[in-house]
Amino acid sequence: MNGIEKDTQPPLEAERTILHPELAAPPDESPVKNGRRLQHAEGASHPIHPPPEREPQPRGARIRGNHRVDQTEAAERFIASPAHEKMHDERLWDLRGKRDRQMHSIPEWEELRTLASAIKEHTLTHLDQYLEQFEQNARANGVHVHWAKDGEEHNRIVHGVLRDHGAKTLIKSKSMLTEECGFRPYMAAAGIEVIETDLGERIQQLDNEDPSHVVVPAVHKLRGDVAQVFAAHLGTDPMDDDVHHLAEAQRQATRPLILNAQAGMTGCNFAIAETGGITVCTNEGNADLSANVPNLHIASIGIEKVIPRLEHLAVFVRLLSRSALGSPITQYTSHIRGPRAGGEMHMVLVDNGRSARLEQDKFWTSLKCIRCGACMNTCPVYRRSGGLSYGATYSGPIGLIIDPSFNRHKYSALPFSSSLNGSCSNVCPVKINIHEQIAAWRQVMAENHELTLIKKAAMKAAGVLLAHPVLYRAAITSADSALNNLPRFAIYIRLNAWGRHREVPHAPRESFHSWYKRNRSVP
Ligand code: SF4
C-alpha cells in the first residue's frame with residue numbers, strides 16, 4: 001500500500017517540465033520531506049483526527065401540563081450524553097474558578113457582599129416607598145409607567161403599546177422576567193415577530209428552547225449543536241462549527257432585523273429610585289441597540305429590581321459580573337433615564353408573585369437575587385444535569401427556591417435536586433441563604449403532602465431509625481456488613497438510587513460511634 005502511495009506522489013518542481021505547459025497545475029506549496037511531497041494531512045500543522053461521532057443534544061425535562069416535573073429523569077438523559085455533560089461541567093466550573101480569582105483580587109469582597117445584602121434587605125422592607133419614588137421620577141423623565149400584577153397583564157400591556165404604535169416587529173435583549181411571563185408565545189399568537197438579540201438567547205429562540213442559564217442561555221449546547229441550528233435556520237454549513245463563523249452568521253442575519261424593527265425591549269438589572277433610571281448590563285451591547293435603534297422602547301422590570309440611590313449601583317456593579325463570569329465588569333453597563341430624542345419609552349413594573357413571596361418569612365430574602373448565576377456555576381447537580389432538566393424558568397439552586405413559588409405542585413420535586421452542600425450560599429453576592437431555603441421548601445412539600453410515595457416511605461423509615469439510636473446503630477452495622485459481603489447484583493438494585501450512576505463506597509470496618517466509644521468516651 002505504501003509503495004503505491006509513493007508511486008502516485010505528485011511530481012516535484014524539477015519534474016514539472018515534462019508536463020504540457022497548458023496542463024500544468026499551479027505550483028504545489030505543500031511541504032517536502034526527505035524528497036517526498038507530503039500529503040495534505042501529513043503536512044498540516046496539527047494532526048487531523050476524524051470528527052468525533054456527533055452526540056445528539058439531550059433535551060430538557062418532559063413537561064406534561066401541571067404534572068410534577070421529573071428533574072432526575074431529564075438529568076439522567078443529560079448524564080448519558082458524556083460530551084455534553086463534560087463540556088457543561090468544565091465550562092461552568094471554569095466560570096466558578098474565574099469568579100474566585102476576581103473575588104481574591106478585591107480585599108473588601110466580603111464587605112461588598114454584606115453591603116449588597118443590606119441594601120437589598122432595606123429596599124425590600126421599604127419596597128412600596130421606593131417603587132413610588134421610582135415611578136414619580138421616571139414619569140418626570142418623560143417615561144410612561146405601567147404596573148402589571150402578573151405575566152398575563154404584562155403581556156397585555158406590552159401588546160397594547162405595540163398595537164397603538166402599529167408595531168409588528170420587536171427586537172429585545174435577554175430578560176428572565178419575560179421568560180417568566182411567557183412573552184414570546186403570547187406575542188407570536190398576537191402576530192408580533194419578536195427577535196432576540198443576545199447571541200445565546202437567539203440560538204435558544206431558533207432552537208425553540210428556553211434559556212438553560214440566567215447569564216449564558218445556550219451553555220448546554222456544543223458548538224456542533226449550534227452549527228446544526230444555524231444550518232437549519234440561517235442556511236450556514238452544518239459542518240462549520242467555528243465559533244467566529246457562527247457568531248458572524250448570527251450578526252449578519254440579525255443586524256438587518258434590528259435596523260428595521262419597529263420597537264425595542266430590554267430587561268433591567270437595577271432600577272434606581274432616586275433618578276427614575278434603569279441600568280442594563282450586557283456583554284454584547286444588544287440592549288443598547290434594542291433601547292436606541294427603534295423609536296419605541298419598552299423596559300420590563302421586576303419590582304424587586306429597585307435600589308434606592310445611584311451610589312448603591314457601584315456596590316452591585318462591582319459584584320455582578322465578577323460573580324457571573326469572573327470578569328471585572330460587563331462590556332456594557334448602560335444607564336437609561338428616558339426616551340431617546342423624538343422617541344417614546346414605557347416601563348412595565350411587574351409583580352408576578354413577588355409581593356406574595358415578600359410575605360413569606362422563610363423565602364422573602366430570595367428576592368435579593370441579582371441573577372448572576374454564580375450559584376448555578378458552583379452547584380454539582382446543576383453542572384451535571386443542565387439547566388433545562390429543571391423544566392422551569394429558573395434552574396439551579398435559586399430556581400429550586402423561586403419555581404415552587406409559581407406552582408408548588410408542579411415543582412414539588414425540585415427542592416430535592418440539591419446536595420445541600422452550601423456552596424451556593426457561599427458564592428452568592430447578596431448573601432442569600434440558598435441551601436437553607438431549599439431545605440425549608442422540602443419541609444413545606446412534606447407538610448403539604450407533595451412528596452412521592454417512595455420518598456414518603458423512605459422519609460418515614462429514616463424518621464423511625466433516627467429517633468431510635470439503638471435501632472439506628474443496628475441498621476448501620478447490618479448495612480455495612482451487607483455492603484461488604486453481598487454480591488453486586490444484590491446491591492445495585494432499582495431502589496438504590498445512589499448506585500445507579502456511581503459505585504457505592506466501601507463501608508468502613510468500624511463505625512465512628514464505636515471508634516469514639518473506644519477512644520474518647522469517659523470511663
Ligand atoms: S441566588 Fe445569588 S448566586 Fe444565585 S443567581 Fe441570585 S444572586 Fe446570583
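The exercises below work through a predicted model of a protein, each with a solution that goes step by step.

Residues are numbered from 1 along each chain as its sequence is written. Because the model is predicted, local features need pLDDT of at least 70 and side-chain atom pairs count only at pLDDT 80 or more, while totals for chains, interfaces and linings use all residues, and side-chain values use heavy atoms, with hydrogens and water left out.

**Exercise 1. The whole protein**

Task: State how many helices and strands the protein has, and what share of its residues is buried.

Solution: Begin with the helices (H or I, at least four residues) and strands (E, at least two), which are DSSP runs numbered from the N terminus; the protein has 24 helices and 12 strands. Next, take the term buried, which stands for under 20% relative accessible area, with exposed over 50% and partly exposed in between (1.4 Å probe, protein chains only). Of the 523 residues in the protein, 47% are buried. Finally, turn to contacts, meaning heavy atoms within 4.5 Å: among those with a separation of 6 or more, 72% join residues 24 or more positions apart.

**Exercise 2. Strand 9 and its partners**

Task: Explain why strand 9 is described as largely enclosed, and find which strands pair with strand 9.

Solution: First look at burial: seven of the seven residues of strand 9 (residues 296-302) are buried, so this strand is largely enclosed by the rest of the structure. Then consider directions, recalling that in a regular strand the side chains alternate between the two faces of the sheet. In strand 9, L296, I298, S300 and G302 point one way, whereas H297, A299 and I301 point the other way. Now examine pairing, for which DSSP must find at least two bridges between two strands. Strand 6 (residues 263-266) pairs with strand 9 in the parallel sense over three bridges, and T266 stands opposite A299. Strand 12 (residues 344-350) also runs parallel to strand 9, joined by seven bridges, and V348 is the bridge partner of S300.

**Exercise 3. I434 and the ligand**

Task: Describe where I434 lies, and state which residues come nearest to the ligand.

Solution: I434 lies in helix 20 (residues 434-447) and is buried, with a relative accessible area of 1%. Beyond its neighbours within four places in sequence, I434 is in contact with residues including C375, P397 and C428. Among the 13 residues around the ligand (those with a heavy atom within 4 Å of it), C369, C372, G373, C375 and C428 come nearest.
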